[in-house]
Amino acid sequence: MTQTHRTAPVPPIVVRRPLGTGGRRVTAHGRILGLAHSDADVVALLRGAELPDAELLLDDGSFMAWQGGHAHHYEAA
């Protein structure tokens, strides 16, 4: 019997791990929106992508995924 592994769907907005120079790449539906150095930058990028209520999405796990680092942390380790 073969076992299949189901993975949870990735939310449409992804904030990737901090880069070596600081900042995190933000993507929406696979499209790169830009580099964020703060929550305000993420909100600005999301608003630029015409996502309503961008500031409310930051902690909504159904819309946002913070990958490779803690949420709201932008400095490289």
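Predicted model: local features only at pLDDT ≥ 70, side-chain atom pairs only at ≥ 80, totals over all residues.
The strands form an open sheet of 4 members in the order β3-β2-β1-β4, and the pairing is mixed. From one strand to the next, the twist averages 20°. The pairing of β1 with β4 is parallel and runs over 3 bridges. In this part of the sheet, V14 is placed opposite A65 of β4.

Helix α1 packs on the sheet and touches β1, β2, β3 and β4, and its direction makes about 150° with that of β3. The helix spans residues 39-48, and its buried residues are V42, V43, L45 and L46. Viewed down the axis of α1, these buried residues fall within an arc of 160°, so they line one face of the helix. The exposed residues A40, R47 and G48 are found on the other side of α1. The packing partners of the buried residues of α1 are β1 (13-18), β2, β3 (31-36), α2 (54-57) and β4 (64-66). The contacts of this buried set therefore include a helix, α2, as well as the strands of the sheet. Just after α1, the backbone at E50 adopts a positive phi of about 60°.

Within the sheet, T27 belongs to strand β2, which covers residues 24-28. The relative accessibility of T27 is 5%; because buried residues are those under 20%, T27 counts as buried. When residues up to four places away in sequence are left out, T27 touches P12, I13, V14, R16, I32 and L33. Among these contacts of T27 is V14, the residue that stands opposite A65 in β4. The contacts of T27 also include I13 and R16, which lie in the range given for β1 (13-18), and I32 and L33, which lie in the range given for β3 (31-36).

Aromatic pairing was also examined, and the count comes to 1 aromatic pair. This pair is formed by W66 and Y74 in an edge-to-face arrangement, with 6.2 Å centre to centre and 75° between the planes. The angle of 75° is assigned to the edge-to-face class because planes over 60 degrees apart are counted in that way. Both members of the pair, W66 and Y74, are buried.

Conventions. Residues numbered from 1 in each chain as written. Heavy atoms only, no water. Phe/Tyr/Trp six-rings, centres within 6.5 Å; stacked < 30°, edge-to-face > 60°. Buried < 20%, exposed > 50% of the residue type's maximum accessible area, 1.4 Å probe, protein only. Helix = DSSP H or I, 4+ residues; strand = E, 2+ residues; numbered from the N terminus. Contact = heavy atoms within 4.5 Å. Arc of directions from axis to C-beta. Pairing = 2+ DSSP bridges. Axes fitted to C-alpha atoms, helices over the stretch in contact; angles between N-to-C directions.
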